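The following exercises concern the geometry and packing of one protein chain. Each task is followed by a worked solution in steps.

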Amino acid sequence: MARLQPVRGTHDILEIKARTFDYIVSHFKAVAERYGHGEISTPIFEFTEVFKRTLGETSDVVTKEMYTFEDRSGEQLTLRPEYTAGIARAFISGGMQQLAPCKFYAYGPMFRYERPQKGRMRQFHQIDAEILGVPEPQADVELLAMAADFLREIGLLDRVTLEINSLGDVESRQAYRDALVVYFQEYKDQLSQDSQERLDRNPLRILDSKNEGDKAIVANAPSIQDYLNEESRLFFSAVCQGLELLDIPYTVNERLVRGLDYYSHTAFEFTTTELGAQGTVLAGGRYDKLIEQMGGPATAGIGWAGGLERLAELVTAEHMPEAHRPVAIIPMGGLAQVKAMKLAHDLRLQGFHIEMGYRGNLGKRLKRANKANAVAAILMGEDEMARRVVTVRNLDSGEQQEVALSDVAQALQPYR
RNA sequence: GCGGGUGUAGCUCAGUUGGUUAGAGCGCCAGAUUGUGGCUCUGGAGGUCGCCGGUUCAAAACCGGUCACUCGCCCCA
C-alpha cells in the first residue's frame, strides 16, 4: 500500500465516463435481447490452460500479456484477456451442446499485461456477443447486423467502417499460408526485422504490417481470395450477400487477419480513424474448431467483442441522455432539519431525486443546489414550519410559491 | 519487451542564460448579502516543483538514475 496510485494501466471510472459506459452497455443489452441473445456472465479468471489452449501457445496474448498467478492451493489461474475462451469453456462444462444453438451476450473487465497507450490499458472492458452451434453463414450475417444496429443506436455507425475478409477453412488457410511463405521468402532480406520473425511464427500477420517497406512488398502478395476452396468461397459470398440484403455497408479487405489462432472463415472489424493507433472498435469472427480443440463436442461458433473504452471515446454528448436533475431540499433551523429528513425520505420513496442541503446559510445552500444542477429547491424555514408550508422555488426561472407541506409531492410533479 | 515526449496548487499551465518570499486562470472556502442561487467584487486556504542522488556559493531549471503519465512500435477491443 505504499503507493497511493492506481496500478499501471488501470483507471477509476466515474461521473461522465461511468454514465457513458452505462449508456453503451444498456443499448448493447437491449439490442442483444432483440436478437434473441441471453446474458451470460463467466468468472473473470479461469485455469490458465483455458486461455493457453484456445488462444494458441505462440500468440502474443499468451506469451507476454497474460495476468497469471498461483492461488493458495497452487492452481495456475489467469485473469481473462478476452471473453470467448471463457464462454466456450462454460459451454462445455455446462453440457450446453444439448441446448445449441446458444446465443449469448456478456460484458465486463478484461486484463492484459501490456504497455498502456491511447485506447489500450491493462484493465479494460468489453461487450461481447457469441453464437454457438450454428455453422451456417446466416449466423455471421445476423451477428454483424446486430453489431451494426448497436453501433447505429449509440450514434457511431456512420463514423466507423466495416471491413470483412475470409480466412477460409483449415484447408484453404493452410494452402494460403504456404503460398505466402513462398512469396515472402523471396523478399526475406527486404522485410523489416519484425516481419522476418513473423515469417516463421505467423506469416499472415505480415499482411497488416505498418512498416512502409513491408507495405510495398505486401501490395503484390497473393490474396486469400484466390486460395479459398469451393466451400469457403460459397460461405463467404453468402455472408456478403446477406449484408447487401440488409443494406449494411462493408468493404472486403483481403489483408485483414486476426491475431488469435482460433479464427476461420469470416473475420471482421469495425474501425475508426479517430482514435489514433488503436482504431479497432469492435471485431470478431468465426471459430468453428475452437470448442472441439478445447476437448468439447464439435460445435461451430462465431462472435465479436467491442472495447468499451474505445467506444466511449467516440460517443459524444449529443447522444447521451441528460443526467437526471434533482430537487434540492434546504432546511434552515433545527425543527426544519428534522422535517426535511422526513420529507426527503417520503419523496424518494415516491421516486423523486432528492439532494439535501446540509451546510451554510441559505445563499450557500442554494449555490450548492445550483451546482448539483437541481431543477427546483424546497425551502424550509422556521416560519414556514410554523405554518406547515414550504417554499418551492424553480431554479431555472426563479419563480417560487408556498405549498402546504402535505401537498409537496403534488407540486413537484413537473420536476420529476 | 522497444523508442519518443512530459512530470510545478484539486484541474489547465507559465516560470528568462541556474539567483534569494514559486506564479496565473479555473475550482475550493469565506465575506460583500443573519432567509434567496447563477453575474460581479474583495479576501483566504492550498506546493516534499514526481522521487533519489550528483554538479554548484546557489537547482523547479543542469547531469545520472528511478517511478508515473502520455504517444508510437509489437500486438490487440
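A residue counts as buried when its relative accessible area is under 20%, as exposed when that value is over 50%, and as partly exposed in between. The structure is a predicted model, and every value below is computed from it.

**Exercise 1. Thr 84**

Determine whether Thr 84 is buried or exposed, and list its contacts beyond the adjacent sequence.

Solution. 
Step 1. Thr 84 belongs to helix α4, which covers residues 84-93.
Step 2. The relative accessibility of Thr 84 is 7%, so the residue is classed as buried.
Step 3. With neighbours within four places in sequence set aside, Thr 84 is in contact with Asp 128, Glu 130, Tyr 262, Tyr 287 and Leu 290.

**Exercise 2. Ser 195 and Lys 17**

Assign Ser 195 and Lys 17 to their accessibility classes, and locate each in the secondary structure.

Solution. 
Step 1. Ser 195 is part of helix α7 (residues 193-201).
Step 2. Its relative accessible area is 0%, and therefore Ser 195 is buried.
Step 3. Not counting residues up to four places away in sequence, Ser 195 touches Ile 206, Ser 209 and Asp 214.
Step 4. Lys 17 is placed in helix α1.
Step 5. A relative accessible area of 29% makes Lys 17 partly exposed.
Step 6. Lys 17 and Glu 309 are 292 residues apart in sequence, yet their C-alpha atoms are 8.9 Å apart in space.

**Exercise 3. Packing of α1 against α5**

Classify the orientation of α1 relative to α5, and describe the contact between these helices.

Solution. 
Step 1. The helices involved are α1 (residues 15-34) and α5 (residues 137-153); their axes come within 9 Å and cross at roughly 140 degrees.
Step 2. Angles over 145 degrees count as roughly antiparallel and those from 65 to 115 degrees as roughly perpendicular.
Step 3. The crossing of α1 past α5 is right-handed.
Step 4. From α1, the contact involves Tyr 23, Ile 24, His 27, Phe 28, Val 31, Ala 32 and Arg 34; from α5, it involves Met 146, Asp 149, Phe 150 and Glu 153.
Step 5. By class, these residues comprise seven nonpolar, one polar and three charged.

**Exercise 4. Packing of α5 against α9**

At what angle do α5 and α9 pack, and which residues meet?

Solution. 
Step 1. Helix α9 spans residues 230-245, and its axis is 9 Å from that of α5, at an angle of about 35 degrees.
Step 2. α5 passes α9 in a right-handed crossing.
Step 3. Pro 137, Asp 140, Val 141 and Leu 144 of α5 meet Phe 235, Ala 238, Val 239, Gly 242 and Leu 243 of α9.
Step 4. The contact of α5 with α9 contains seven nonpolar residues, one polar and one charged.

**Exercise 5. The nonpolar cores**

Which residues touch the most other members of the largest nonpolar core, and which element gives the most to this core?

Solution. 
Step 1. The largest nonpolar core has 48 residues, of which Phe 150 and Trp 304 touch the most other members.
Step 2. The element that gives the most to this core is α5, with ten residues.
Step 3. Neighbours within four places in sequence aside, the contacts of Trp 304 include Phe 28, Leu 143, Met 146, Ala 147, Phe 150, Phe 268 and Leu 282.
Step 4. A second, separate core contains 30 residues, among them Phe 51, Met 110, Leu 167 and Leu 260.

**Exercise 6. Backbone exceptions**

Most residues other than glycine have a negative phi, and most peptide bonds are trans. Examine the backbone at Glu 15, at Asp 247 and between Ala 100 and Pro 101.

Solution. 
Step 1. Glu 15, in helix α1, is not a glycine but has a positive phi of about 50 degrees.
Step 2. At 63% relative accessibility, Glu 15 is exposed.
Step 3. Asp 247 lies in the loop between α9 and β8 (251-252). Although not a glycine, Asp 247 has a positive phi of about 60 degrees.
Step 4. The relative accessible area of Asp 247 is 65%, so this residue is exposed.
Step 5. The peptide bond joining Ala 100 and Pro 101 is cis, with omega about 0 degrees.
Step 6. Pro 101 is located in the loop between α4 and β5 (102-111).

Technical notes:
Residues numbered from 1 in each chain as written. Chains lettered and ligands numbered in written order. Predicted model: local features only at pLDDT ≥ 70, side-chain atom pairs only at ≥ 80, totals over all residues. Heavy atoms only, no water. Axes fitted to C-alpha atoms, helices over the stretch in contact; angles between N-to-C directions. Helix = DSSP H or I, 4+ residues; strand = E, 2+ residues; numbered from the N terminus. Parallel < 35°, antiparallel > 145°, perpendicular 65-115°, else oblique. Left-handed = near helix turned anticlockwise from the far one by under 90°. Contact = heavy atoms within 4.5 Å. Nonpolar A, V, L, I, M, F, W, Y, C, P; charged D, E, K, R; others polar. Core = buried A, V, L, I, M, F, W, Y, C linked by side-chain atoms within 4.5 Å. Buried < 20%, exposed > 50% of the residue type's maximum accessible area, 1.4 Å probe, protein only.
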